[in-house]
Structure formats: structure tokens, C-alpha cells
Amino acid sequence: MSRKVVSLTVDHLAELEESGDRCASCLFWQLDPVRRDRVPEERAAAEKEAWVSEVLRDWGSCGRVVLVEGRPVGWAIYAPEAYVPGAAGFPTAPVSPDAVLLTTVHVDAAYAGGGLGRMLIQGMARDLVERGGIGAVEAFATTRPDRPDRLRVPGLPGCGCVVPAGFLGSVGFKTQRAHPLTPRMRMNLRAALSWRDEVEAAIGKLVGAVRPGPRPARPPTPTRVGGTSRAS
């Protein structure tokens with residue numbers, strides 16, 4: 001089964017919407033509660049596409065999609081907090097000045113438990129490390145993924161837009177600001193960069209160990225001059 005992680009595009013949103021994934025039209029993070037309430041349901045997907053297009057144009061890649069046999073089955077979205085007005089409603093806001101905000105990680109239930117969520121986080125970290133100038137990724141987590149109605153965040157009841165704290169902890173995030181329901185968690189990209197360098201160094205050593213070494217120099221062939229031998 002082929003699996004790969006690619007950059008999020010507007011075309012992926014359209015594919016997810018056609019498959020019935022409600023995340024493709026959810027505006028919880030992209031708009032503040034007042035503007036969100038003014039968007040008709042039939043316009044929500046177009047608003048989400050407009051948001052992705054704006055961030056791509058102004059800031060760059062803002063998400064990763066995992067493809068299984070060419071079909072999108074999971075995604076992660078991240079952006080600077082200035083593009084994510086929905087984050088202001090959390091009691092553990094704001095995000096640290098050096099951090100990008102991870103808003104959503106979603107994997108189709110049929111593929112849950114197969115490591116695709118970890119692949120999305122690794123793809124995001126690799127993107128941000130290579131771009132440079134970003135110190136960390138932060139996320140508002142939920143300690144009660146089974147009860148989103150308990151979060152007491154405006155507009156959130158019934159919506160699975162907040163990443164479970166248990167998942168974030170399993171992929172390298174640590175609590176930055178504690179809260180019983182919505183802690184803010186952080187992954188330092190220096191640690192991610194160090195981890196990548198260590199892995200690359202280990203691979204380099206492994207390749208060097210199995211690569212044939214240079215052939216020893218052939219000793220000079222003796223030649224005879226006037227009845228005596230001399231190396232040529």
C-alpha cells in the first residue's frame with residue numbers, strides 16, 4: 001500500500017469535500033465567531049478554499065496531506081496565529097511569538113492507528129525546519145476528545161477541530177501552558193532539527209560501513225637496471 005505526504009492544495013479540499021469530510025468546510029479556526037456565524041452553510045467550503053489560497057499566497061505552504069494509493073485520507077493544517085482568529089477564544093491563548101499554530105490533524109477513521117498522523121506531523125516539522133526562522137509549533141489540545149461539548153469554546157460543541165492531547169504528546173509535543181481541558185502544547189523545532197541531523201548522520205555511518213573501501217595502492221613494479229633491481 002503506497003503512502004506519501006504532500007503539500008496541501010485547494011484541490012485537496014475539493015476532494016475531501018466530495019468524500020463527505022466535514023473538515024473541508026469547517027471554519028472554526030479560520031474565522032472569528034461573529035464572521036463564522038454570518039457565513040451560509042453552502043458558502044463554507046468556498047470560504048475555506050479562499051483562506052487556504054490566501055495563506056499559500058502570503059505565507060506559503062500551510063498544510064500537509066497524506067495520500068494512500070493516491071487518495072487523500074488525512075491532513076494537518078498550520079499557520080501563523082495572525083491567520084487563525086478562531087484561536088483567540090481558548091483560555092490558554094495566545095501562541096508564543098516564535099511559534100506557528102497547528103490547528104487540525106485529521107485521519108480518516110478507516111485508517112486510524114496506522115501511523116498516518118505521525119507522518120503528517122513529521123512532514124510539517126520537515127517543512128518548517130527547511131523554511132527556517134520558526135522556533136516551534138504550538139497547538140491547543142483537548143484532554144477530552146470524547147466530549148467536545150465540554151470544552152466551553154465558542155462554536156466548538158459537536159466539532160472535532162481540536163487535537164487530542166494524548167496524540168500530541170506521543171509525537172513530541174510538551175505542555176507549554178497547562179489547563180484541565182485545553183492545554184497549549186509545544187514542539188521545539190530545534191529538537192526536531194537535531195533529531196533529523198542525528199538520523200541522517202546514523203544513515204551516513206551505516207552507508208559508510210557497508211560501502212566497499214578504497215582499493216590499496218598497487219606496489220611499484222621493480223625494474224632491472226644494470227643487473228640491479230630498482231622500483232619504478
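In this predicted model, Tyr78 is buried, with a relative accessible area of 0%. Its partner in an aromatic pair is Trp59, which counts as partly exposed at 22% relative accessibility. Tyr78 belongs to strand S3 (residues 71-79), while Trp59 lies in the loop between H3 and strand S2 (63-68), so the pair ties together parts that are 19 residues apart in sequence.

A search of the whole structure finds 6 aromatic pairs. A pair of aromatic rings is described by the distance of the centres and the angle of the planes. Two of the pairs are set out below.

| Pair | Centre to centre | Angle between the planes | Geometry |
|---|---|---|---|
| Phe28 and Trp29 | 5.1 Å | 80° | edge-to-face |
| Trp59 and Tyr78 | 6.4 Å | 85° | edge-to-face |

Phe28 and Trp29 are both buried. Together with Phe90 and Phe140, Phe28 and Trp29 form one aromatic cluster.

The second topic is the packing of two helices. Helix H1 (residues 10-18) packs against helix H3 (residues 44-58) at an angle of about 155°, and their axes are 9 Å apart. Because angles over 145 degrees count as roughly antiparallel, H1 is described as roughly antiparallel to H3. The crossing of these helices, H1 and H3, is right-handed.

On the H1 side, the contact involves Val10, Leu13, Ala14 and Glu17; these meet Ala45, Lys48, Glu49, Val52 and Ser53 in H3.

Note on methods: Residues are numbered from 1 along each chain as its sequence is written. This is a predicted model: local features need pLDDT of at least 70, side-chain atom pairs count only at pLDDT 80 or more; totals for chains, interfaces and linings use all residues. Side-chain values use heavy atoms; hydrogens and water are left out. Axes are lines fitted to C-alpha atoms, for helices over the stretch in contact, and angles run from 0 to 180 degrees between N-to-C directions. Helices (H or I, at least four residues) and strands (E, at least two) are DSSP runs, numbered from the N terminus. Angles under 35 degrees count as roughly parallel, over 145 as roughly antiparallel, 65 to 115 as roughly perpendicular and the rest as oblique. A crossing is left-handed if the near helix is turned anticlockwise from the far one by less than a right angle, and right-handed if clockwise. Contact means heavy atoms within 4.5 Å. Rings of Phe, Tyr and Trp (its six-membered ring) pair if their centres lie within 6.5 Å; planes under 30 degrees apart count as stacked, over 60 as edge-to-face and the rest as tilted. Buried means under 20% relative accessible area, exposed over 50%, partly exposed in between (1.4 Å probe, protein chains only).
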